[in-house]
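Morning, everyone. Please bring up the structure on your screens, and we'll walk through it together.

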Amino acid sequence: MIEKIEKINSVNGELTLPGDKSISHRAVMFSAMANGKSTVKNYLNSEDVNSTIDCFRKLGCNIVQTETDLTIDGKGFGGFTEPISNLDAGNSGTTTRLISGILAAQNFDTTIIGDVSLSKRPMKRVADPLLQMGARIETNDAGTLPMTIFTSEELKAIEYDMQIASAQIKGAVLLAGLHMDEETVVVEHSRTRNHTETLLGLKVEEFEGYRKIYSSKKNYPKPKEYIVPSDISTSAFFIVLALNLEDSELLLKDVLLNETRNGIIKILQQMGGKIKIENARESSGEKIGDLRIFSSKLRNIEISKAIIPNIIDEIPILSIAGLFAEGKYAIRNAKELRFKESDRIDAMCSNFRKLGVEYTEYDDGFTIDGNVINENILIESFDDHRIAMAFTILGMIVGKGISVNNFESVAVSNPEFIKQVNVISVKKIT
Ligand code: S3P
(Lines give C-alpha, C1' and ligand atoms only; values in the text may rest on other atoms or scores of the structure.)
Protein backbone atom coordinates (compact mmCIF):
# COMPACT_ATOMS: atom_id res chain seq x y z
CA MET A 1 0.00 0.00 0.00
CA ILE A 2 1.32 3.42 -0.98
CA GLU A 3 0.60 6.22 1.50
CA LYS A 4 0.56 9.74 0.12
CA ILE A 5 1.84 12.13 2.75
CA GLU A 6 0.27 15.56 3.20
CA LYS A 7 2.08 18.51 4.65
CA ILE A 8 1.01 19.50 8.16
CA ASN A 9 1.15 23.10 9.35
CA SER A 10 1.28 22.52 13.06
CA VAL A 11 0.34 20.02 15.76
CA ASN A 12 -1.60 20.77 18.90
CA GLY A 13 -3.20 18.74 21.66
CA GLU A 14 -2.35 15.58 23.54
CA LEU A 15 -1.90 11.88 22.88
CA THR A 16 -1.50 8.78 24.99
CA LEU A 17 0.47 6.46 22.74
CA PRO A 18 0.36 2.64 22.94
CA GLY A 19 2.47 0.55 25.32
CA ASP A 20 6.19 0.01 24.93
CA LYS A 21 7.09 -2.80 22.55
CA SER A 22 10.10 -4.18 24.44
CA ILE A 23 8.21 -4.27 27.75
CA SER A 24 5.08 -5.76 26.12
CA HIS A 25 7.06 -8.68 24.65
CA ARG A 26 8.67 -9.43 27.99
CA ALA A 27 5.45 -9.05 29.97
CA VAL A 28 3.82 -11.66 27.72
CA MET A 29 6.78 -14.03 28.01
CA PHE A 30 7.17 -13.75 31.78
CA SER A 31 3.42 -14.10 32.33
CA ALA A 32 3.38 -17.22 30.16
CA MET A 33 6.26 -18.70 32.16
CA ALA A 34 4.76 -17.94 35.59
CA ASN A 35 2.55 -20.45 37.36
CA GLY A 36 -0.93 -18.86 37.33
CA LYS A 37 -2.83 -15.84 36.08
CA SER A 38 -1.10 -12.57 35.16
CA THR A 39 -2.50 -9.44 33.56
CA VAL A 40 -0.78 -7.05 31.18
CA LYS A 41 -2.41 -3.63 31.02
CA ASN A 42 -1.85 -1.17 28.15
CA TYR A 43 0.16 -3.74 26.17
CA LEU A 44 1.13 -2.85 22.61
CA ASN A 45 -1.47 -4.43 20.33
CA SER A 46 0.73 -4.59 17.23
CA GLU A 47 1.92 -7.27 14.81
CA ASP A 48 5.22 -7.83 16.65
CA VAL A 49 3.68 -8.36 20.06
CA ASN A 50 0.95 -10.48 18.49
CA SER A 51 3.71 -12.73 17.14
CA THR A 52 4.90 -13.28 20.71
CA ILE A 53 1.34 -13.92 21.89
CA ASP A 54 0.79 -16.48 19.10
CA CYS A 55 4.02 -18.30 19.92
CA PHE A 56 2.98 -18.73 23.57
CA ARG A 57 -0.51 -19.86 22.56
CA LYS A 58 1.20 -22.55 20.48
CA LEU A 59 3.22 -23.52 23.55
CA GLY A 60 -0.04 -24.22 25.39
CA CYS A 61 -0.91 -20.89 27.04
CA ASN A 62 -4.41 -19.54 27.26
CA ILE A 63 -4.24 -15.80 26.52
CA VAL A 64 -7.34 -13.61 26.56
CA GLN A 65 -6.83 -10.46 24.56
CA THR A 66 -8.71 -7.15 24.47
CA GLU A 67 -7.61 -3.99 22.64
CA THR A 68 -5.63 -2.83 25.69
CA ASP A 69 -5.23 -5.70 28.14
CA LEU A 70 -4.12 -9.32 28.29
CA THR A 71 -4.98 -12.03 30.77
CA ILE A 72 -2.48 -14.87 30.60
CA ASP A 73 -2.72 -18.29 32.25
CA GLY A 74 0.95 -19.02 32.80
CA LYS A 75 2.12 -22.62 32.55
CA GLY A 76 4.73 -22.62 35.34
CA PHE A 77 8.23 -24.17 35.30
CA GLY A 78 8.36 -27.07 32.80
CA GLY A 79 4.70 -26.52 31.85
CA PHE A 80 4.96 -25.55 28.17
CA THR A 81 3.79 -28.20 25.71
CA GLU A 82 5.27 -29.15 22.35
CA PRO A 83 3.78 -27.00 19.57
CA ILE A 84 2.09 -28.88 16.74
CA SER A 85 3.65 -26.58 14.14
CA ASN A 86 6.56 -24.16 13.77
CA LEU A 87 6.58 -21.00 15.87
CA ASP A 88 6.17 -18.04 13.50
CA ALA A 89 7.87 -14.92 14.86
CA GLY A 90 6.73 -12.83 11.88
CA ASN A 91 8.89 -9.70 11.64
CA SER A 92 9.98 -9.76 15.28
CA GLY A 93 13.64 -10.14 16.22
CA THR A 94 12.78 -9.65 19.89
CA THR A 95 10.32 -12.57 19.84
CA THR A 96 12.83 -14.85 18.13
CA ARG A 97 15.87 -14.06 20.17
CA LEU A 98 14.27 -13.90 23.61
CA ILE A 99 12.12 -17.00 23.13
CA SER A 100 15.15 -19.01 22.02
CA GLY A 101 16.53 -18.67 25.57
CA ILE A 102 13.29 -20.12 26.97
CA LEU A 103 13.03 -22.89 24.36
CA ALA A 104 16.63 -23.99 24.95
CA ALA A 105 15.49 -25.29 28.36
CA GLN A 106 12.37 -27.21 27.23
CA ASN A 107 12.16 -30.97 26.80
CA PHE A 108 10.81 -30.81 23.25
CA ASP A 109 12.03 -29.61 19.86
CA THR A 110 10.81 -26.35 18.30
CA THR A 111 11.49 -24.62 15.01
CA ILE A 112 11.20 -20.83 14.72
CA ILE A 113 10.41 -19.29 11.35
CA GLY A 114 9.81 -15.70 10.30
CA ASP A 115 9.00 -13.36 7.43
CA VAL A 116 11.43 -12.42 4.63
CA SER A 117 13.09 -9.65 6.66
CA LEU A 118 13.48 -11.70 9.86
CA SER A 119 14.77 -14.66 7.84
CA LYS A 120 17.76 -12.53 6.78
CA ARG A 121 18.69 -11.39 10.29
CA PRO A 122 21.61 -12.93 12.24
CA MET A 123 20.67 -15.61 14.79
CA LYS A 124 24.11 -17.06 15.50
CA ARG A 125 24.52 -14.21 17.98
CA VAL A 126 21.97 -15.93 20.26
CA ALA A 127 22.64 -19.51 19.18
CA ASP A 128 26.35 -19.26 20.12
CA PRO A 129 25.97 -18.42 23.83
CA LEU A 130 23.08 -20.89 24.16
CA LEU A 131 25.28 -23.60 22.59
CA GLN A 132 27.92 -22.74 25.21
CA MET A 133 25.24 -23.41 27.82
CA GLY A 134 24.73 -26.90 26.38
CA ALA A 135 21.68 -26.18 24.23
CA ARG A 136 21.33 -27.92 20.88
CA ILE A 137 20.45 -25.42 18.17
CA GLU A 138 20.61 -25.45 14.39
CA THR A 139 20.23 -22.45 12.13
CA ASN A 140 20.56 -22.63 8.38
CA ASP A 141 24.06 -22.25 6.86
CA ALA A 142 23.88 -18.46 6.82
CA GLY A 143 23.20 -18.43 10.59
CA THR A 144 19.62 -17.32 9.98
CA LEU A 145 16.08 -18.72 10.39
CA PRO A 146 14.66 -21.31 10.35
CA MET A 147 16.23 -22.11 13.70
CA THR A 148 15.52 -25.41 15.43
CA ILE A 149 16.05 -25.72 19.15
CA PHE A 150 16.26 -29.36 20.24
CA THR A 151 15.77 -30.99 23.61
CA SER A 152 19.09 -30.95 25.39
CA GLU A 153 20.33 -33.10 28.26
CA GLU A 154 20.88 -30.35 30.74
CA LEU A 155 21.88 -26.73 30.48
CA LYS A 156 24.83 -25.39 32.41
CA ALA A 157 25.28 -21.89 33.82
CA ILE A 158 27.93 -19.77 32.10
CA GLU A 159 29.51 -16.36 32.42
CA TYR A 160 28.98 -14.76 29.02
CA ASP A 161 31.14 -11.84 28.00
CA MET A 162 28.82 -10.12 25.51
CA GLN A 163 30.74 -8.57 22.62
CA ILE A 164 27.73 -7.16 20.74
CA ALA A 165 25.71 -4.46 22.51
CA SER A 166 22.36 -6.27 22.34
CA ALA A 167 19.56 -6.50 24.90
CA GLN A 168 18.16 -9.40 22.92
CA ILE A 169 21.31 -11.52 23.30
CA LYS A 170 21.55 -10.54 26.96
CA GLY A 171 17.89 -11.48 27.42
CA ALA A 172 18.21 -14.87 25.71
CA VAL A 173 21.11 -15.93 27.94
CA LEU A 174 19.46 -14.64 31.13
CA LEU A 175 16.15 -16.34 30.28
CA ALA A 176 17.91 -19.67 29.71
CA GLY A 177 19.67 -19.00 33.04
CA LEU A 178 16.30 -18.92 34.83
CA HIS A 179 16.11 -22.70 34.40
CA MET A 180 19.20 -23.55 36.48
CA ASP A 181 20.11 -23.50 40.17
CA GLU A 182 23.54 -22.02 39.53
CA GLU A 183 23.86 -18.41 38.50
CA THR A 184 24.29 -17.46 34.85
CA VAL A 185 26.12 -14.17 34.35
CA VAL A 186 26.07 -11.79 31.39
CA VAL A 187 28.87 -9.24 31.26
CA GLU A 188 27.72 -6.16 29.39
CA HIS A 189 30.29 -3.58 28.21
CA SER A 190 27.84 -1.09 26.69
CA ARG A 191 24.62 -0.27 28.46
CA THR A 192 21.69 -1.84 26.58
CA ARG A 193 18.02 -1.64 27.52
CA ASN A 194 17.48 -3.21 30.93
CA HIS A 195 13.87 -4.44 30.80
CA THR A 196 14.70 -8.13 31.28
CA GLU A 197 16.62 -7.48 34.49
CA THR A 198 14.20 -4.83 35.78
CA LEU A 199 11.03 -6.85 35.22
CA LEU A 200 12.56 -10.03 36.67
CA GLY A 201 14.29 -8.21 39.54
CA LEU A 202 17.70 -9.66 38.64
CA LYS A 203 20.88 -8.84 40.52
CA VAL A 204 23.02 -6.26 38.67
CA GLU A 205 26.59 -5.32 39.67
CA GLU A 206 28.11 -2.12 38.30
CA PHE A 207 31.84 -1.87 37.58
CA GLU A 208 34.01 0.71 35.83
CA GLY A 209 33.03 0.33 32.15
CA TYR A 210 30.93 -2.82 32.46
CA ARG A 211 28.17 -4.48 34.46
CA LYS A 212 27.28 -8.03 35.41
CA ILE A 213 23.72 -9.32 35.40
CA TYR A 214 22.84 -12.58 37.15
CA SER A 215 19.94 -15.00 36.70
CA SER A 216 19.02 -18.35 38.19
CA LYS A 217 15.98 -20.44 39.06
CA LYS A 218 15.22 -18.27 42.07
CA ASN A 219 14.35 -15.44 39.65
CA TYR A 220 11.85 -17.54 37.69
CA PRO A 221 8.82 -15.26 37.10
CA LYS A 222 5.74 -15.34 39.31
CA PRO A 223 2.25 -14.23 38.28
CA LYS A 224 1.72 -10.48 38.53
CA GLU A 225 0.08 -7.42 37.06
CA TYR A 226 2.12 -5.51 34.47
CA ILE A 227 1.24 -1.94 33.52
CA VAL A 228 3.07 -0.98 30.33
CA PRO A 229 4.06 2.71 29.89
CA SER A 230 3.76 4.40 26.46
CA ASP A 231 6.53 3.54 24.03
CA ILE A 232 9.37 6.09 23.93
CA SER A 233 10.42 4.81 20.47
CA THR A 234 6.93 5.52 19.09
CA SER A 235 6.87 8.86 20.92
CA ALA A 236 10.07 9.90 19.12
CA PHE A 237 8.23 10.28 15.78
CA PHE A 238 5.73 12.68 17.34
CA ILE A 239 8.42 14.59 19.23
CA VAL A 240 10.39 15.25 16.03
CA LEU A 241 7.20 16.25 14.20
CA ALA A 242 6.19 18.78 16.89
CA LEU A 243 9.71 20.23 17.20
CA ASN A 244 9.92 20.87 13.46
CA LEU A 245 6.53 22.46 12.85
CA GLU A 246 5.71 26.07 13.68
CA ASP A 247 3.21 27.11 16.37
CA SER A 248 3.10 23.62 17.83
CA GLU A 249 2.62 22.36 21.36
CA LEU A 250 2.09 18.67 21.98
CA LEU A 251 1.59 16.70 25.18
CA LEU A 252 2.52 13.00 25.18
CA LYS A 253 1.27 11.29 28.30
CA ASP A 254 2.69 8.46 30.45
CA VAL A 255 5.83 7.96 28.36
CA LEU A 256 8.50 5.45 29.43
CA LEU A 257 11.55 7.41 30.64
CA ASN A 258 13.76 4.44 31.58
CA GLU A 259 17.38 5.62 31.63
CA THR A 260 18.46 2.98 29.09
CA ARG A 261 15.87 4.33 26.62
CA ASN A 262 15.65 8.09 27.15
CA GLY A 263 18.74 9.07 25.10
CA ILE A 264 16.55 10.39 22.29
CA ILE A 265 15.03 13.01 24.61
CA LYS A 266 18.44 14.04 25.94
CA ILE A 267 19.92 14.39 22.45
CA LEU A 268 16.97 16.37 21.09
CA GLN A 269 17.11 18.65 24.15
CA GLN A 270 20.86 19.19 23.58
CA MET A 271 20.04 20.04 19.97
CA GLY A 272 17.84 22.85 21.28
CA GLY A 273 14.56 20.96 21.37
CA LYS A 274 12.08 22.34 23.87
CA ILE A 275 10.91 19.16 25.56
CA LYS A 276 9.63 19.54 29.12
CA ILE A 277 9.16 16.53 31.36
CA GLU A 278 6.08 16.95 33.55
CA ASN A 279 4.55 14.77 36.22
CA ALA A 280 7.66 12.54 36.43
CA ARG A 281 6.80 9.51 38.53
CA GLU A 282 7.21 5.77 38.92
CA SER A 283 4.78 3.18 37.66
CA SER A 284 5.31 -0.56 38.06
CA GLY A 285 9.02 -0.04 38.73
CA GLU A 286 9.63 2.15 35.66
CA LYS A 287 10.20 5.90 35.45
CA ILE A 288 7.48 7.54 33.40
CA GLY A 289 6.34 11.10 32.75
CA ASP A 290 4.43 13.38 30.40
CA LEU A 291 6.37 15.14 27.65
CA ARG A 292 5.41 18.66 26.57
CA ILE A 293 7.01 19.52 23.24
CA PHE A 294 7.17 22.96 21.61
CA SER A 295 8.28 24.13 18.14
CA SER A 296 12.06 24.59 18.27
CA LYS A 297 15.05 25.54 16.17
CA LEU A 298 17.42 22.58 16.24
CA ARG A 299 21.16 22.46 15.63
CA ASN A 300 23.24 19.32 15.19
CA ILE A 301 25.57 18.08 17.92
CA GLU A 302 28.10 15.28 18.20
CA ILE A 303 26.47 11.97 19.07
CA SER A 304 28.73 9.86 21.30
CA LYS A 305 29.47 6.18 20.77
CA ALA A 306 28.31 5.34 24.30
CA ILE A 307 24.75 6.51 23.68
CA ILE A 308 24.20 4.50 20.46
CA PRO A 309 22.65 1.37 22.10
CA ASN A 310 20.30 3.68 24.03
CA ILE A 311 18.97 5.32 20.84
CA ILE A 312 19.39 2.45 18.37
CA ASP A 313 15.70 2.25 17.37
CA GLU A 314 15.29 6.03 17.23
CA ILE A 315 18.17 6.70 14.81
CA PRO A 316 15.97 6.79 11.67
CA ILE A 317 13.74 9.55 13.10
CA LEU A 318 16.65 11.29 14.85
CA SER A 319 18.30 11.50 11.43
CA ILE A 320 15.22 13.25 10.04
CA ALA A 321 15.55 15.77 12.89
CA GLY A 322 19.24 16.05 11.97
CA LEU A 323 18.37 16.79 8.34
CA PHE A 324 16.27 19.81 9.35
CA ALA A 325 18.72 20.99 12.03
CA GLU A 326 21.41 23.60 11.49
CA GLY A 327 24.85 22.18 10.56
CA LYS A 328 25.97 18.77 9.43
CA TYR A 329 24.36 15.67 10.96
CA ALA A 330 26.57 12.65 11.62
CA ILE A 331 25.72 9.25 13.03
CA ARG A 332 28.67 6.86 13.40
CA ASN A 333 29.52 3.76 15.51
CA ALA A 334 26.11 2.37 14.61
CA LYS A 335 26.85 -0.68 12.45
CA GLU A 336 24.12 -2.57 14.33
CA LEU A 337 21.66 -0.56 12.22
CA ARG A 338 22.58 -2.86 9.34
CA PHE A 339 21.01 -5.83 11.19
CA LYS A 340 17.59 -4.39 12.01
CA GLU A 341 14.26 -4.96 10.21
CA SER A 342 16.13 -3.61 7.17
CA ASP A 343 19.71 -2.47 6.68
CA ARG A 344 18.80 0.93 8.10
CA ILE A 345 22.01 2.65 6.97
CA ASP A 346 21.35 1.62 3.39
CA ALA A 347 17.61 2.33 3.74
CA MET A 348 18.16 5.88 5.01
CA CYS A 349 20.91 6.71 2.49
CA SER A 350 19.11 5.35 -0.56
CA ASN A 351 16.05 7.44 0.31
CA PHE A 352 18.23 10.52 0.89
CA ARG A 353 19.65 9.93 -2.60
CA LYS A 354 16.13 9.86 -4.07
CA LEU A 355 15.25 13.07 -2.24
CA GLY A 356 18.38 14.85 -3.48
CA VAL A 357 19.78 15.19 0.05
CA GLU A 358 23.59 15.21 0.14
CA TYR A 359 24.93 12.34 2.22
CA THR A 360 28.00 10.19 2.75
CA GLU A 361 27.53 6.55 3.70
CA TYR A 362 29.97 4.71 5.97
CA ASP A 363 30.07 1.12 7.13
CA ASP A 364 28.87 2.24 10.57
CA GLY A 365 26.65 5.22 9.78
CA PHE A 366 26.28 8.28 7.55
CA THR A 367 26.46 12.04 7.41
CA ILE A 368 23.90 14.35 5.83
CA ASP A 369 24.03 17.98 4.87
CA GLY A 370 21.55 20.03 2.90
CA ASN A 371 17.89 19.99 2.02
CA VAL A 372 15.24 17.91 0.34
CA ILE A 373 15.55 18.96 -3.29
CA ASN A 374 13.39 16.58 -5.30
CA GLU A 375 9.59 16.51 -5.40
CA ASN A 376 7.00 13.75 -5.75
CA ILE A 377 9.39 11.05 -4.55
CA LEU A 378 8.19 7.55 -3.68
CA ILE A 379 10.08 6.52 -0.54
CA GLU A 380 11.17 2.88 -0.36
CA SER A 381 10.21 1.70 3.12
CA PHE A 382 12.06 -1.63 2.76
CA ASP A 383 9.04 -3.04 4.65
CA ASP A 384 10.57 -1.52 7.77
CA HIS A 385 8.13 0.22 10.13
CA ARG A 386 10.65 2.72 11.46
CA ILE A 387 11.88 3.69 7.96
CA ALA A 388 8.26 4.13 6.80
CA MET A 389 7.36 6.32 9.80
CA ALA A 390 10.58 8.38 9.72
CA PHE A 391 10.04 9.43 6.08
CA THR A 392 6.33 9.97 6.70
CA ILE A 393 7.30 12.54 9.33
CA LEU A 394 9.74 14.10 6.85
CA GLY A 395 6.92 14.34 4.31
CA MET A 396 4.58 15.93 6.87
CA ILE A 397 7.24 18.57 7.60
CA VAL A 398 8.36 19.43 4.04
CA GLY A 399 5.36 18.50 1.89
CA LYS A 400 6.77 18.11 -1.64
CA GLY A 401 4.36 15.34 -2.58
CA ILE A 402 6.19 12.49 -0.84
CA SER A 403 4.67 8.98 -0.80
CA VAL A 404 5.82 5.91 1.13
CA ASN A 405 5.52 2.37 -0.23
CA ASN A 406 4.59 -0.76 1.75
CA PHE A 407 3.24 1.57 4.39
CA GLU A 408 1.37 -1.27 6.10
CA SER A 409 4.67 -2.21 7.79
CA VAL A 410 3.89 0.47 10.45
CA ALA A 411 1.55 -2.12 12.01
CA VAL A 412 4.64 -3.88 13.39
CA SER A 413 4.93 -1.27 16.14
CA ASN A 414 2.08 1.22 15.74
CA PRO A 415 -0.97 0.24 13.64
CA GLU A 416 -2.77 3.49 14.60
CA PHE A 417 0.07 5.82 13.56
CA ILE A 418 -1.86 7.86 10.97
CA LYS A 419 -4.96 8.09 13.16
CA GLN A 420 -2.85 9.48 16.01
CA VAL A 421 -1.25 12.08 13.71
CA ASN A 422 -4.72 13.12 12.50
CA VAL A 423 -5.87 13.74 16.07
CA ILE A 424 -3.22 16.43 16.61
CA SER A 425 -2.59 17.87 13.17
CA VAL A 426 -3.60 21.16 11.65
CA LYS A 427 -3.29 20.79 7.87
CA LYS A 428 -2.51 23.48 5.37
CA ILE A 429 -5.58 24.81 3.60
CA THR A 430 -4.79 24.89 -0.11
C1 S3P B 1 15.11 -4.82 21.74
C2 S3P B 1 16.46 -4.62 21.64
C3 S3P B 1 17.10 -3.90 20.52
C4 S3P B 1 16.10 -3.16 19.67
C5 S3P B 1 14.85 -3.94 19.41
C6 S3P B 1 14.18 -4.33 20.72
C7 S3P B 1 14.61 -5.52 22.92
O8 S3P B 1 17.79 -4.85 19.76
O9 S3P B 1 16.66 -2.77 18.43
O10 S3P B 1 13.93 -3.17 18.64
O11 S3P B 1 13.40 -5.41 23.21
O12 S3P B 1 15.41 -6.19 23.59
P13 S3P B 1 19.32 -5.22 20.15
O14 S3P B 1 19.42 -5.09 21.61
O15 S3P B 1 19.58 -6.59 19.67
O16 S3P B 1 20.13 -4.18 19.44
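Start with P146, which lies in the loop between β8 (136-138) and β9 (147-150). Strands here are DSSP runs of E with at least two residues, helices are runs of H or I with at least four, and numbering goes from the N terminus. The peptide bond from L145 to P146 is cis, with omega near 0°.

A word on the source: this is a predicted model, where local features need pLDDT of at least 70, side-chain atom pairs count only at pLDDT 80 or more, and totals for chains, interfaces and linings use all residues. Residues are numbered from 1 along each chain as its sequence is written, and side-chain values use heavy atoms, with hydrogens and water left out.

Next loop. N42 sits between β3 (35-41) and α2 (47-58). N42 is not a glycine, yet its phi is positive, about 60°.

Now the ligand. Which residues are around the ligand? They are S22, R26, T94, A165, S166, A167, Q168, R193, I312, D313 and K340.

Polar contacts next, meaning pairs of N or O atoms within 3.5 Å. The S22 side chain has an N or O atom 2.7 Å from a ligand oxygen. For R26, a polar side-chain atom lies 2.6 Å from a ligand oxygen. For D313, a side-chain N or O atom is also 2.6 Å from an oxygen of the ligand.

Where does the ligand lie relative to domain 1 and domain 2? Domain 1 (3-19 + 229-424) and domain 2 (21-223) both give residues to the shell, so the ligand lies between them. Those bounds come from an automatic or database domain assignment.

Note on methods
A residue is near a molecule or strand if one of its heavy atoms lies within 4 Å of it. A polar contact is a pair of N or O atoms within 3.5 Å; within protein, one must be able to donate a hydrogen and the other to accept it, and residues adjacent in sequence count only if both atoms are side-chain atoms.
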